[in-house]
Amino acid sequence: MAEEDKREEEQLIIPEALPLLPVRDVVIFPFMIVPLFVGRERSINAVDSALTKDRLIFTATQKDISKEDPEPEDLYTSGTVCMIMRMLKLPDGRVKILVQGLARAQVNKFIQTKPSYTVGITKTKEQAAGEVTLEIEALMRNVKEQLEKLSTLGKVIFQEVMMVLDNITDPGRMADLVAANLGLKIDEAQAVLETLDPIKRLEKVNDFLIKELQVAQMQVKIQSQAKEEMDKTQREYYLREQMRAIKNELGDIEEATEDMEEFREKIRKAKMPSEVEKEAHKQADRLEMMHPDAAEAALIRTYLEWLVDLPWAKQTKDAIDIDKAKKVLDTDHYNLEKIKERILEYLAVRKLQSKTKGPILCFVGPPGVGKTSLGRSIAKAMGRNFVRISLGGIKDEAEIRGHRRTYVGALPGRIIQGIKQAGTNNPVFMMDEIDKIGMDFRGDPSSALLEVLDPEQNYAFSDHYLNLPFDLSKVMFITTANMADPIPEPLLDRMELINLPGYTEEEKLEIAKKFILPRQLKEHGLSKKLLTIPDETIKRVISGYTREAGLRNLEREIASLCRKVAKRVASGKTQLTVITPKLLQEFLGIPKYLPEAEQEVDEIGVATGLAWTPVGGEILHIEATIMNGKGQLTLTGHLGDVMKESAHAALSYARSRAKIFDLNPDFYKDLDIHIHVPSGAIPKDGPSAGITMAAALISALTQTPINKDIAMTGEITLRGRVLPIGGVKEKCLAALRAKITTIIIPERNKKDLEEIPKDIRKKLTFIPVKHMDDVLKVIFRKKSNKPAPRKPPKKTKSERRTVRP
């Protein structure tokens, strides 16, 4: 039979050019009959072209099966010339054909690529097998025996194939038939097709057969082990059923047994670490042996419920889409570019390295700037669950680590409770008010947090209640604080500080328009057709009715406007209400805050300083006056120790420069100096008013007016050096609100100007200074003609003057 097939193959006349049909998932061998579904337009055209001629077509396998429209370089050059035996057109437009492989062939060139591939081919001449030696006969028998053995192990080999093999005497033909029915990978089958030596081809197939046989034997072994395990499980189940029946006869409660089975099933489904699972089964066995009414049984049951409810292996998959995350952050929050950039950097690292540890961020800023809502947006952007706890006022270490199970009513700490609430082991975990943690005889909660917030330790966080390690390394911790100073140094060292200093008036306006006003309109059942608040009105609300770095009071005031309009609408007045600045007092009452009064003229002894407060920046008009007296320095205005020390330093500087300022070296002995900072009911402290106090003092002593259009901030030393200070952004915003556009800052604070928005920087003129002498050159315009106060003349020194002209 093989010799007849070979003679037919040799007599077959194959044209030099044939249509090419790319196939995937299969390599067609000579004499192999296989059905093919053809759906690609180029392939259908190739089939039509073959049917119009001699029904011959050349099939070549794709290297990459995923390519829908393969190019010439995507196809193997060795293939098979086939005869289309049948063709059927399907309703969905595809074509089903039945082809039979005839002979091997090699592509020489691509003659045509559209509308179908046409290739020039050369029929591959196979080498003659020669005489069948004992070695070849043994090889052929080995192939047959292994194929039969593979069939008995579960491999699907049709009986007809085995019958045909019994009648084949040609090794090459046998290799093709076995390779066609062995289910080889594409590259392996292609290698067999391209092997022209029939003996080598059969040896290659024999190697593949040995490998398949080993895999099949391993599968049988695995199935046998699984069956043994299953038999063991069934045996245990049978014994347990018998035990259950015995317990029922003895009067034991059926429900208890069902509960224990339910617990064991939950333990299996929880996918706990081996150490935890071992402890859970141990506790379950203890509970099963106890009477349900025993006191300890309730404690163990509660403990097991906590163990099975914790998400030991359940986690959400991070949505690592940088553009989408940026869009979410921009939608929920206005500005805050540095924080958004930090979150996007973390997401980018997670995309490149999935096993990276979660960062521990600390948002520091005044109330109402959006620290907590920013945490929610981060969770939303990452596709993680969000959980929040408040640490304000916590004084007991057990709030963090949990209580030991020996105590009545013991529970896990806030951390484990939050993880259970989140339902996954990788949530975004926000801990608010970390700067307000207390400490007493019950322990130090901030020290307990050191383990939680340390990536090198929290992979095995041990709660006192669980007494088992829980992996917190996948959690993204975010903490918030109003100030970083109260946070203990070791805890601060473990966190990455990100400052949210507050919003400018322009930023508050944009946030009110884009977020607050639409939200309040929706919450009060209003629309833009019923209420309109112009930009000027919102600005007036910001400046006259709120004084804060955040947005809470602004939202309250806008909500108040919405409530009053909602009352009108509910009363039947459905016309549009436009709240202009003139109508604002009618809706909200008189303004709660008045702007700092502007100086109308340059004054002697009055300097404009800048101060930082938790709700933003403020301007201070520091006043100094001199009177005849006995050399006393009086400081008023509810000043702290640091400001008092700054005043003394300013006076010492002025005394050391008395000659330069044209003052009597002993001027301070006959004069009393009074320095006052207005708003005396408000406590004030800090070093940044040093140069302002010195300027006011020297102005009063030299009777030189200070330029009212200049504000200043900086710390002063006894030598007159100007040292850097903090809160530059807030102070600059305060100056701008007071319509002061020239600001004196320490030279070393120039770097902080980058934090100020560009549109604000353009409106201001900054004068960096290194020494108090530089400050005086800028602020003094001309001396006043008003004489300095002096003490009544004494008999011995009647001509002595305090201030020289």
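User: Hi! What should I know before I start, like how residues are numbered?
Analyst: Residues are numbered from 1 along each chain as its sequence is written, and side-chain values use heavy atoms, with hydrogens and water left out. The model is predicted, so local features need pLDDT of at least 70 and side-chain atom pairs count only at pLDDT 80 or more, while totals for chains, interfaces and linings use all residues.

User: Great. Where does V161 lie?
Analyst: V161 is in helix α4, residues 159-166. Helices (H or I, at least four residues) and strands (E, at least two) are DSSP runs, numbered from the N terminus.

User: Is V161 buried or exposed?
Analyst: V161 is buried, because its relative accessible area is 11%. Buried means under 20% relative accessible area, exposed over 50%, and partly exposed in between, with a 1.4 Å probe and protein chains only.

User: And what is V161 in contact with?
Analyst: Leaving aside neighbours within four places in sequence, V161 is in contact with L177 and N181. Contact here means heavy atoms within 4.5 Å.

User: How far is V161 from T717?
Analyst: Their C-alpha atoms are 102 Å apart in space, and 556 residues separate V161 and T717 in sequence.

User: OK, so where is T717?
Analyst: T717 sits in the loop between β23 (715-716) and β24 (722-723). With a relative accessible area of 14%, T717 is buried. The T717 side chain reaches the backbone nitrogen of R721 at 3.0 Å.

User: New topic: how many residues does the largest nonpolar core have?
Analyst: The largest nonpolar core has 54 residues, and L307 and I434 have the most contacts inside it. Helix α10 (residues 295-309) gives the most to this core, with seven residues. A nonpolar core is a set of buried Ala, Val, Leu, Ile, Met, Phe, Trp, Tyr and Cys residues joined through side-chain atoms within 4.5 Å. In soluble globular proteins, nonpolar side chains tend to be buried together.

User: What does I434 touch?
Analyst: Not counting residues up to four places away in sequence, I434 touches L391, L449, L453, T479, T480, A481, I487, L491 and M495.

User: Which helix holds T537, and what does T537 contact?
Analyst: T537 is found in helix α19, residues 535-545. T537 is buried, with a relative accessible area of 0%. Setting aside neighbours within four places in sequence, T537 is in contact with I579, T580, P581 and L584. The C-alpha atoms of T537 and T580 are separated by 5.7 Å, although these residues are 43 apart along the chain.

User: What about L554, buried or exposed?
Analyst: L554 is buried, because its relative accessible area is 1%. L554 has its place in helix α20 (residues 552-570). Among the residues that L554 touches are K508, A512, V541 and I542, not counting those up to four places away in sequence. Between the C-alpha atoms of L554 and I542 there are 6.5 Å, with the two residues twelve apart along the chain.

User: How much space lies in the second largest pocket?
Analyst: About 1,200 Å³. Of the 42 residues that line this pocket, the closest to its centre are N499, L500, P501, E730 and E755. Elements giving two or more residues to the lining include α12 (337-352) and β17 (606-613).

User: What counts as a pocket, and as its volume?
Analyst: On a 1 Å grid over the protein atoms alone, a pocket is an open set of points where a 1.4 Å probe fits, with protein on both sides within 12 Å along at least five of seven lines, and lining residues have an atom within 4 Å of a point. Grid points are joined across faces, edges and corners, and a volume is the space filled by probe spheres set on the points.

User: Last topic: which peptide bond is cis?
Analyst: The bond from K114 to P115 is cis, with omega near 0°. P115 lies in the loop between β5 (95-112) and β6 (118-123). Most residues other than glycine have a negative phi, and most peptide bonds are trans.

User: What is the phi of R55?
Analyst: Phi of R55 is near 65°, a positive value in a residue other than glycine. R55 is partly exposed, with a relative accessible area of 32%.

Methods
A polar contact is a pair of N or O atoms within 3.5 Å; within protein, one must be able to donate a hydrogen and the other to accept it, and residues adjacent in sequence count only if both atoms are side-chain atoms.
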